[in-house]
Amino acid sequence: MFKIISVVIGFLLLGLDQWSKQWAITHLEGAGTVPVLPGLFNFDFLPNGNDGAAWGMLSGKQTLLIAATAVMLLAIIIYMVAKRKKMANMAFLSLVLVVSGGIGNLIDRVAQGYVVDFIRFAFWNRFPTFNVADIAITIGVALLVIYILFIEGKKEKQRGTP
């Protein structure tokens, strides 16, 4: 049941991501910086979007980014389907978050040629502008790291595996 709920959460996040990006395009384009929680974060629409990966890496390499993202997402989905019965709930949820965020950004790359970013930390100008899909990916990766280091790692120590 948890895994079904996880997949539903993934679809809801994908929907929220796509809706929020359309909202940003419609309401924020040309608006400049809009404080949401003053001193914490703003909406700051990037008119030409993000045509790279994290922190602008591989900027302008859309074909490579689309292909690499599609292959990685397909590999993760195949792995999840094959291992779903044996996979721990936390690991499954973390991968659902990564997949939903990855699909959200992939949709942007294919449909628009760039990723729509519009959320920015007000207190940290060096951090890039991001979106709901990026949040899902970040939380998914963090959960997976926590799972591997603190849960799976503890199980292996108890089994006597180095």
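A salt bridge here is a side-chain nitrogen of Lys or Arg within 4 Å of a carboxyl oxygen of Asp or Glu. This is a predicted model, in which local features need pLDDT of at least 70 and side-chain atom pairs count only at pLDDT 80 or more, while totals for chains, interfaces and linings use all residues. Residues are numbered from 1 along each chain as its sequence is written, and side-chain values use heavy atoms, with hydrogens and water left out.

By this rule there are 3 salt bridges. In one of them, Asp17 pairs with Lys21, with 2.9 Å between the closest N and O atoms. Both residues belong to helix α1 and stand 4 residues apart, about one turn of the helix; helices are DSSP runs of H or I with at least four residues, strands runs of E with at least two, numbered from the N terminus.

Lys21 also forms a salt bridge with Asp108, at 2.8 Å from N to O. Lys21 lies in helix α1 and Asp108 in helix α3, so this pair ties together parts that are 87 residues apart in sequence. Lys21 and Asp108 are both buried, that is, under 20% relative accessible area with a 1.4 Å probe and protein chains only.

Asp44 and Arg120 form a salt bridge as well, their closest N and O atoms being 3.3 Å apart. Asp44 is in strand β2 and Arg120 in strand β3, so the pair ties together parts 76 residues apart in sequence. Through shared partners, salt bridges join Asp17, Lys21 and Asp108 into one network.

Conventions. Buried < 20%, exposed > 50% of the residue type's maximum accessible area, 1.4 Å probe, protein only.
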